Amino acid sequence: MRAPDPGRRILGRIVRRLLSVIRVALLVALAVAVLIPLYWAISSSFMAKPEFVSVPTHWWPQAPDLSSYRTLFAQQHFPRYYLNSIIVSVVVALSVVFFSTLTGFAVSTKYSFAGKSAFFGFILATMLLPFELIMIPLYIMMRTLGLLNTYAAIVIPGLLNAFGVFLLRQAVNEIPNDFLDAGRIDGAHEVVLFTRIVIPMAMPVMAALLVFTFVGMWNSYYWPLVVINSEPKRTLTLAVVFMQGFFAVDYPLILGSAVLGSVPIMLVFAFSQRFFIRSMTLSGLKG
Amino acid sequence: MALSRHRLFRRPWDRWGLLFLLPGLVFFAAIFVYPTLRTINVSFTDYNLLQPPKFTGLANYATLFKQGIFLDSAKVTAVYVLVIGVLNYVLPFAIAIALMASRRLVSAGRALYFLPVILPWVVVSTIWRIFYLAPGPISSLLGLLGIRYAANPLTQPSTALLGIIIIAMWKTFGFYVVLFLTGLYAIPETYYEVAEIDGANAAQRFRYVTFPLMRSTSLFIATVNFIGAIKEFDPFQVITAGGPARATYATTLFIYETGFKFLRMGRAAAASLLLCAAIILVTVVQFRVFRPARD
């Protein structure tokens with residue numbers, strides 16, 4: 001073997017260094033590109049209209065102006081929008097977590113009964129269906145039941161979903177069989193096994209699913225748009241959109257409503273980033 | 001073997017499994033099975049919610065294929081899905097690999113790139129709709145770089161869809177970066193060490209180690225990305241409402257407006273069945289393409 005030429009080795013090191021500098025620069029540029037529109041939206045929401053339209057764009061409000069937020073909060077229903085979003089998101093998140101755990105336990109490896117895997121496959125298959133497919137009959141159902149313009153109408157289709165069942169089934173599968181068998185030998189009822197062993201041991205995954213579902217429901221728009229047309233029942237996402245019809249070109253105000261619409265989500269994210277990443281890690285790569 | 005009188009259950013407690021399954025089954029039957037059957041049924045009728053449905057056979061499907069507006073919407077969705085499908089695969093993969101090479105950036109990058117993912121689509125749409133105004137923030141930024149460009153892509157039929165695609169990439173790429181990172185972390189370090197000893201360069205390490213071992217991750221991401229893109233509704237409705245000149249009139253928007261604006265439930269139902277068929281078809285193809293060579 002030929003001894004490596006010291007000149008070439010140094011050159012190689014320089015090239016590698018250079019490449020890594022370029023790589024880091026690109027990754028940082030990408031982060032900046034993610035942040036700019038968000039930063040701009042927040043900063044613009046604190047401007048009066050004349051400053052907002054000035055060219056070139058101001059990136060910091062020179063005359064900070066709270067009138068957008070004042071107008072927003074002066075709106076009759078604004079606190080209601082928050083309340084509505086909180087109610088539907090909490091209800092859906094709790095329901096999804098509880099019923100996913102129960103259903104996940106049922107279809108896990110802890111039980112075996114005829115048709116179990118067929119049922120599970122059927123539940124998973126619902127993930128493929130676009131919401132459009134079931135939307136019209138669901139709307140007709142809600143209308144027949146007299147539930148249009150109610151929280152119930154928003155909440156019902158979201159009370160359980162295949163993703164949650166899939167996630168919790170994985171979690172339950174990982175509970176050692178011995179734990180359940182020990183309980184059974186001690187004469188514990190299956191319901192007790194569920195509440196005393198399955199739920200505590202699946203808790204981290206349940207927490208991840210809770211956050212995930214809460215955010216998903218908070219962000220939902222399509223179905224609420226279909227079943228809600230009374231102003232006081234609007235969720236925050238609906239309100240953000242409908243306000244754009246009402247305030248037309250008052251852009252600082254519209255941006256202010258967008259900021260207010262995402263503050264709760266940002267808070268949730270800030271406190272639960274780990275959960276989030278974990279729930280996604282779990283979702284994909286073990287099945 | 002006389003294991004049990006009941007063939008349904010192997011052990012005495014197994015009946016509880018079925019019992020625990022019941023609420024879920026009732027839910028999925030009521031929210032998915034029954035409505036799906038009802039949609040199939042409605043798709044063969046003329047139904048406007050007010051009068052009882054009139055059976056019209058395949059008329060709705062025939063109208064859809066004769067109507068330029070539906071076929072155009074299918075084209076918009078196809079272009080959107082195709083472009084997003086490729087870009088949202090290649091870019092997040094490259095970004096995840098770049099992050100792995102600069103480990104110190106992984107946790108910060110992951111958190112920052114993930115930020116738009118958690119924001120409501122409605123909020124993202126609203127912000128970007130205004131961010132695109134020209135002259136505005138974008139033309140000002142480009143001006144700093146010495147580029148004079150002041151046009152709003154959303155106002156031109158030729159660029160409006162591209163404008164939405166850029167927003168969708170901005171909103172969703174972080175999700176796939178995180179998924180790719182998870183897959184990359186699962187590849188044992190030793191594989192790369194062996195490849196390096198064998199004298200493999202970066203491209204070869206990707207070709208022979210990373211890519212084959214990311215097959216199942218790839219399948220998952222391709223599927224989730226594709227289904228997400230084809231179901232997309234919020235940005236089309238909020239950012240452009242399908243315009244200008246229906247350049248961003250996606251199939252989902254077509255279904256929504258046909259059903260809830262024009263009250264043509266039968267036609268909307270038929271279109272939603274076609275959309276569902278497209279999803280199932282492409283998912284099956286993806287599973288074929290990415291199926292592990294041997295497993």
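Tutor: Helices (H or I, at least four residues) and strands (E, at least two) are DSSP runs, numbered from the N terminus. Residues are numbered from 1 along each chain as its sequence is written, and chains are lettered from A, with ligands numbered from 1, in the order in which they are written. The model is predicted: local features need pLDDT of at least 70 and side-chain atom pairs count only at pLDDT 80 or more, whereas totals for chains, interfaces and linings use all residues.

Student: Is A241(B) buried or exposed?

Tutor: A241(B) is placed in the loop between α11 and α12 of chain B, and its phi is near 50 degrees, a positive value in a residue other than glycine. A residue is buried if 20 or more other C-beta atoms, placed from the backbone, lie within 10 Å of its own, exposed if 12 or fewer, and partly exposed in between. Because 12 other C-beta atoms lie within 10 Å of A241(B), this residue is exposed.

Student: How does R246(B) count, with its C-beta neighbours inside 10 Å: buried, partly exposed or exposed?

Tutor: R246(B) is also not a glycine and has a positive phi, of about 60 degrees, and its place is again in the loop between α11 and α12 of chain B. Since it has 18 C-beta neighbours inside 10 Å, R246(B) counts as partly exposed.

Student: Leaving aside its neighbours within four places in sequence, which residues is A98(B) in contact with?

Tutor: A98(B) is found in helix α3 of chain B, residues 68-101, and counts as partly exposed because it has 19 C-beta neighbours inside 10 Å. Two residues are in contact if their C-beta atoms, placed from the backbone, lie within 7 Å. With neighbours within four places in sequence set aside, the contacts of A98(B) are R23(A), L26(A) and L27(A).

Student: Which element gives the largest share of the side of chain A that touches chain B?

Tutor: Across the two chains, 67 residues of chain A are in contact with 79 residues of chain B. Elements giving two or more residues to the chain A side include α1 (6-45), α4 (78-106), α10 and α13 (251-285). The largest share of that side amounts to 14 residues, and it comes from α13(A).

Student: How far apart do the C-alpha centres of domain 1 of chain A and domain 2 of chain A lie?

Tutor: Chain A is divided into domain 1 (6-45) and domain 2 (68-285), with bounds that come from an automatic or database domain assignment. Four residues of domain 1 of chain A are in contact with six residues of domain 2 of chain A. Between their C-alpha centres, the separation of these two domains of chain A is 37 Å.

Student: Which residues have the most contacts inside the largest nonpolar core?

Tutor: A nonpolar core is a set of buried Ala, Val, Leu, Ile, Met, Phe, Trp, Tyr and Cys residues joined through C-beta atoms within 7 Å. Leaving aside neighbours within four places in sequence, V177(B) is in contact with P92(B), I95(B), A96(B) and Y113(B). The largest core has 156 residues, and those with the most contacts inside it are V177(B), I127(B) and L209(A).

Student: How many residues of α8(A) are buried?

Tutor: Helix α8 of chain A covers residues 162-173, and its buried residues include F163(A), V165(A), F166(A), L167(A) and R169(A). The helix is largely enclosed by the rest of the structure, because the buried residues among its 12 number 10.

Student: What does the C-alpha trace of chain B span along its principal axes?

Tutor: Buried residues make up 40% of the 295 residues in chain B, and among its contacts with a separation of 6 or more, 68% are between residues 24 or more positions apart. Along the principal axes, the C-alpha trace of chain B spans about 75 × 70 × 30 Å.

Definitions and conventions. The expected span of a helix is 1.5 Å times one less than its number of residues.
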